[in-house]
Amino acid sequence: MLHTESEIGALLQHIGPAHNYRNSSMALQAIRDAGYEIALGMMPKSIGPLTFVFTGSGNVSQGGQEVFQELPHEYVPPEMLKKVAEHGCESLANEGVNYREEIF
């Protein structure tokens, strides 16, 4: 487990605490930099698919979703989560399912 945490830490090294940024634009750029590395395939395979869930429609949820939009991701309907967790997103592609489009 510690090995995985250190892998994630190395990947997200561009992202510092919020107080280190002069404004939100600088913080979002750090998120984009990490997203760029993820898009290049630098996410360790040992981590597997990660699941993020946003609940509610308040300011905190909306702010989290705005930041999350800067990272590469795919939307997966709840009924497919178990299959993705067990087999990864490649299993969805094999079934001809494309969730790269926003479905919500």
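Guide: Let's start with a definition: helices (H or I, at least four residues) and strands (E, at least two) are DSSP runs, numbered from the N terminus. In this predicted model, local features need pLDDT of at least 70 and side-chain atom pairs pLDDT 80 or more, while totals for chains, interfaces and linings use all residues. Residues are numbered from 1 along each chain as its sequence is written, and side-chain values use heavy atoms, with hydrogens and water left out.

Visitor: How do I read an aromatic pair?

Guide: A pair of aromatic rings is described by the distance of the centres and the angle of the planes. Rings of Phe, Tyr and Trp (its six-membered ring) pair if their centres lie within 6.5 Å; planes under 30 degrees apart are stacked, over 60 edge-to-face, the rest tilted. Here there are two such pairs. One of them, F52 with F68, is tilted, at 5.1 Å centre to centre and 50 degrees between the planes. F52 sits in the loop between α2 and α3 (59-68) and F68 in helix α3, so the pair ties together parts 16 residues apart in sequence. F52, F54 and F68 form one aromatic cluster.

Visitor: Is F68 buried or exposed?

Guide: Buried means under 20% relative accessible area, exposed over 50%, partly exposed in between (1.4 Å probe, protein chains only). F68 counts as buried because its relative accessibility is 14%. Y36, in helix α2 (residues 24-39), has 55%, so Y36 counts as exposed. Buried residues make up 20% of the 104 residues in the protein.
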